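Welcome to this short briefing. Please have a look at the sequence and the structure below, and then walk through a few selected regions with me.

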Amino acid sequence: MTDTARTARAGVPERPTLDGIEETWARRWQEEDTYAFDRSKERSDVYAIDTPPPTVSGELHMGHVFSYTHTDTVARFQRMRGKAVFYPMGWDDNGLPTERRVQNVYGVRCDPALPYNPHWQPPATPVTEDARKNPTSISRRNFVALCETLTAEDEQVFEALWRRLGLSVDWSLTYTTIGRVARATSQRMFLRNLARGEAYQAEAPTLWDVGFATAVAQAELEDRERPGAYHRLRFTGPGGREVLIDTTRPELLPACVALVCHPDDERYADLVGAVVRTPVFGVEVPVRAHPLADPAKGTGIAMVCTFGDLTDVTWWRELDLATRVVIGRDGRLLPEPPAGVPAEPYAALAGQTVNGARRTLVAMLADAGELVGEPRPVTHPVKFYERGDRPLEIVSTRQWYLRNGGRDAGLREELLARGAELRWVPEHMKHRYDHWVGGLTGDWLVSRQRFFGVPVPVWYRLDDTGEPDYAQPLTPDEAALPVDPSSEPPPGFTEEQRGVPGGFVGDPDVLDTWATSSLTPQIVGGWESDPELFARVFPMDLRPQGQEIIRTWLFSTVVRAHLEHGVLPWRDTVLSGWILDPDRKKMSKSKGNVVTPMALLEQHGSDAVRYWAANGRPGMDLAFDAAQIKVGRRLATKLLNASKFALGLGAADALRAPATAPLDTAMLAELSTVVEVATSAFDAYDHTAALQATEAFFWRFCDDYIELVKERAYGAGPGADSARAALATALSVQLRLFAPVLPYVTEEVWSWWRYGSVHRATWPTTYEVRRAITGTADPGLLRLASDALSQVRRAKSERKLSMKAEVPLAEALGPAALLEQLSLISDDLRAAGRIGKLDRLPDRTPELVIACAF
C-alpha cells in the first residue's frame, strides 16, 4: 500500500510504547497482505530471493536470526525501491535429521519389511529412555506418516518465530522439501538427468555410515581427530625377505589386495612387480608403485585394502586391483571370507565389530610372531559423516550418482566458469567454491538408504529367476509425478506383480536431501507447473546462505541449473558469517553455547534483536552481545519519543512544505548525503554501513537539531514553518531509512501520521530531500551548531548546572568567516543554550570557542 491507499492514520498516542507492537503489526501485515508478491509485474520489476529453508528437525538459534535478518533487510529495501519482491519461505523437512528426531521423540524405528498398519497409534510423548533404547518397529508407511506429523508441528513453531522476528516473506509461497510440489520437481529433474546420461547407477566403493545405515557423499564428510595406534606387521617377500608395514587398521588384513610404494623409493624398487604373503592368512598380493605412496610415512610401503580409506579406493581403481570386501553395511565383518582368503583364520573374525575384530587379529598376529614391537599410540584424522557419531566405513554398494565435474574435466571447467559469473558478497568467498570444485574426486552420490525422503522414481524388471535388471530401469511419465515405487507399480504392471519373477521391484532408496534442496529456485518458481511465474522469477536475483554450505547447497544448485537450464540459478550470492559466543567461540549445540532467540525477542523486542543482527556484515563473524541488543532497544525507544515530539510540534501538517531557515536546510543537506550513503550501501548488500550512517545522523538529529530548533518550531511565522517542514521531511526520510532493520517501530510511528505502510512507501532519494530545500544549504552549519551547543553544555556540566540554566553572556571566538557562518544560526543557538547575549569576537582563536559567563 501507498499513501494513495488512504488507510486510516492512527494519530499520536499519549504514551507511545514498544510493548505489544509485534503482535499488532504482524497481524496487520498478514491481514493486509503487506508483503504479497505481485505476479503481474514484468521480470525487470521483480526481485527474487532464493531463501534457504531451515531444517525443522532442530531448534532455531541466534545464527538463524542473524542471517535471516540480513536477507530481510534486502527484501524490504528492494520492495521500497519499487520491486515486486518474490520472497518465499521453505522448510527443509526430509532426510536423516527428521528421522532421528522422530526416533527419539516417539521411540520407534522403521522396518520396511513390516506391512502398513492403518490402526497403529504413536505413543504419548515424551517417551521413556528405555523406549528410546528399545524402539518399537513400525512399517515404512507408518514411519513416514509420523515424520510428516512431527515436521508439521515443528514448522508451526518456526513460522511463529519468523513472524515475531518480522520477516517480510510472502507466506502464501511457503514450501517444504518433502511436499508434493518438491517431490514432483525433484523426481522430474532426476528423470531428465537420467535421460541425458547425467544420472547413472554403479556398483562402487561407498562411504557408509553404520549408525545411520546409509551412504554418504563427499560433501557431507568431516575429519575428526581420534586416538588410534600404529601396528607394525611382518609380510614375507621373495626369498623370505621381511617386508614391514605400519597400519592403524590391522583388522582389514584379510581385505589386503596389494602393497604400494613410491616409484622413486629405492628401498622397494626390486619388489615392484613381485608378490608378498600376508601374515596370518598367507595370501599372495602384488607389490605395485604409485605416486600417492608417501616414502616418509611409516615404513614407506603401504597396505592396500578394499577398502580402508579413500586413498585405498584411488589405488584400487587406478592400479586395477582385486576386490576383497570384509566389512558389511552393519559395520561387522562379513560371515564368509572373500575369495582367496582361507576360511580357518577368518572364522575367528566373522561377525565381529570392527573394534572387536581388531583386538582379535592383533592377538593372532602376536601369537604368530608377525606383530613387530608394541602398538604405537597416535592421534589422526578420521572420516565421519557430519551428523554421525561413528567412523565411516567404505563398503561396496549399488548407488545412484549425478555428474558434477568430479570425473569430467570439461564439466568441471564449465562449473568453475559459472562460479566466475556469480557476484560473491564478500568476494573472497569465491575461493571456497573454486577450491571445492577443483578438488572433487568423484561424482555426486545422490541415493540414500533411508525412508523419509523423495523416492528415487524408478523400478526394475525381474527376470525369470527374480533378479532385477538394473541396466534398463523403468521410469514413470512426468505427468504422473510424484510417485513412490515402494507402494505404486510402474506403467504396464499391477501391484500383484511386485517381487515375483517376471514382475518388478521398486528402487528402495530415496534421494539425498541436497538433491531436492538444490532445486529450491525451481520448486518455488513453478518450473514446468507455472511457466508464467517461472519466467518472472528465474534466474533469481539473490541466494543468501551460510558459508559452510557453499560446497553443498550453493554448488549443487549451480550444478542443477547448469545441466537443465544452461544458466546460473541467481545473479548474486551473499554469505553469512558465524555467530560467536561472548568468548568469541563459534556457537554449536555440541559445545552447549547456543542461544535461542524467543526469550530475547520477548524481553527486548524484535527490533532490538534485529538491530544486533544488522551490526554484522556479510561474511563477517559477530559475537553475541546482549548489551548490543539493549542499545537497539534504546534506539527504537528514542525513535518513538523523538517522533512524538516532532509530530507534537505540528510536523505532520508541514510535510512537503519548503524549509528556508539556514539550520533547517543544513540539516536536510546532511540528510541527503546520508540517503546517498545508505542507498549505496544497501545496493552493495552492506546493511551494516547503511544502519551506521542512518543511526549516527539520527542521534545528531535528536540531540542537537531538535534541541536547536524546538523553540522556533513552537512559535509562528516563516521560521517556525521552516522548522516544522524540515522536521516533517527528516522524520519521513529517517523512518524509511530505518525501516529495513527496525520494521516494527517504524511502522508504528508511520501509522500515526502517514497513510499506508512504511514498508510499501518509496525509498527516500536525494532528490526528494533536496526538493524540500529552498535557498542555500550548507551541511557544515549543522556541525558548527552542534559544536557550539556542545561547548555550552560542557560549560554548564563543568559547573554542575542544569542544562536549563540561563547563560547571561556568551562569547564566540574564532576565524571571522566561521563566526559569519555562526551568525546565520545564532538565534537557534541562543534559544537552545538559553544564552541571553551572544557576542562574536573574530580572529581571536584559530578554531571556534564558546566562552560562557555565569
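Two strands count as paired if DSSP finds at least two bridges between them. With that in mind, note that this is a predicted model, and start with strand E17, which pairs with strand E24 (residues 570-576) in the parallel sense over three bridges. In that pairing, Arg423 has Asp572 of E24 as its bridge partner.

**The sheet around E24**

- E17 and E24 belong to an open sheet of three strands, ordered E17-E24-E23, with parallel pairing.
- The edges are taken by strand E17 (423-425) and strand E23 (540-546); each has a single partner strand, so one side of each is left without a neighbour in the sheet.
- On average, neighbouring strands of this sheet are turned by 20 degrees against each other, direction ignored.

**The four-stranded sheet**

- A further open sheet holds four strands in the order E8-E7-E16-E18, and here the pairing is antiparallel.
- Strand E8 (214-215) and strand E18 (444-445) are at its edges with a single partner strand each, so one side of each lacks a neighbour in the sheet.
- Strand E16 (residues 393-402) and E18 run antiparallel and are joined by two bridges.
- Within this pair, Tyr401 has Leu445 in E18 as its bridge partner.

**Strand E11 and its two partners**

- Strand E11 (residues 256-261) is mostly covered, with six of its six residues buried.
- Strand E14 (residues 301-305) runs antiparallel to E11, and five bridges join the two.
- Strand E13 (residues 284-289) pairs with E11 in the parallel sense, over three bridges.
- Leu259 takes part in both pairings: it stands opposite Met303 in E14, and its bridge partner in E13 is Val287.

**Strand E29, face by face**

- In a regular strand the side chains alternate between the two faces of the sheet.
- E29 runs antiparallel to strand E27 (residues 807-814), and five bridges join them.
- Ile850 in E29 is the bridge partner of Ala812.

**Helices H3 and H5**

- Helix H3 (residues 96-106) packs with helix H5 (residues 140-165) at an angle of about 95 degrees, and their axes are 10 Å apart.
- That angle makes H3 roughly perpendicular to H5, because angles of 65 to 115 degrees count as such.
- On the H3 side, the contact includes Thr98, Glu99, Arg101 and Val102, and on the H5 side it includes Phe143, Leu146 and Cys147.
- Sorted by class, the contact of H3 with H5 has seven nonpolar, three polar and three charged residues.

- Gln449 is located in the loop between strand E19 (447-448) and strand E20 (459-461).
- Is Gln449 buried or exposed? Its relative accessible area is 11%, so Gln449 is buried, given that buried means under 20%.
- A polar atom of the Gln449 side chain lies 2.9 Å from the backbone nitrogen of Ala215.
- The side chains of Gln449 and Asp509 are joined by a polar contact of 3.0 Å.
- Leaving aside residues up to four places away in sequence, Gln449 touches Trp208, Ala213, Thr214, Ala215, Arg329, Gln399 and Asp509.

Key
Residues are numbered from 1 along each chain as its sequence is written. This is a predicted model: local features need pLDDT of at least 70, side-chain atom pairs count only at pLDDT 80 or more; totals for chains, interfaces and linings use all residues. Side-chain values use heavy atoms; hydrogens and water are left out. Buried means under 20% relative accessible area, exposed over 50%, partly exposed in between (1.4 Å probe, protein chains only). Axes are lines fitted to C-alpha atoms, for helices over the stretch in contact, and angles run from 0 to 180 degrees between N-to-C directions. Angles under 35 degrees count as roughly parallel, over 145 as roughly antiparallel, 65 to 115 as roughly perpendicular and the rest as oblique. Contact means heavy atoms within 4.5 Å. Ala, Val, Leu, Ile, Met, Phe, Trp, Tyr, Cys and Pro count as nonpolar, Asp, Glu, Lys and Arg as charged, and the others, Gly among them, as polar. A polar contact is a pair of N or O atoms within 3.5 Å; within protein, one must be able to donate a hydrogen and the other to accept it, and residues adjacent in sequence count only if both atoms are side-chain atoms.
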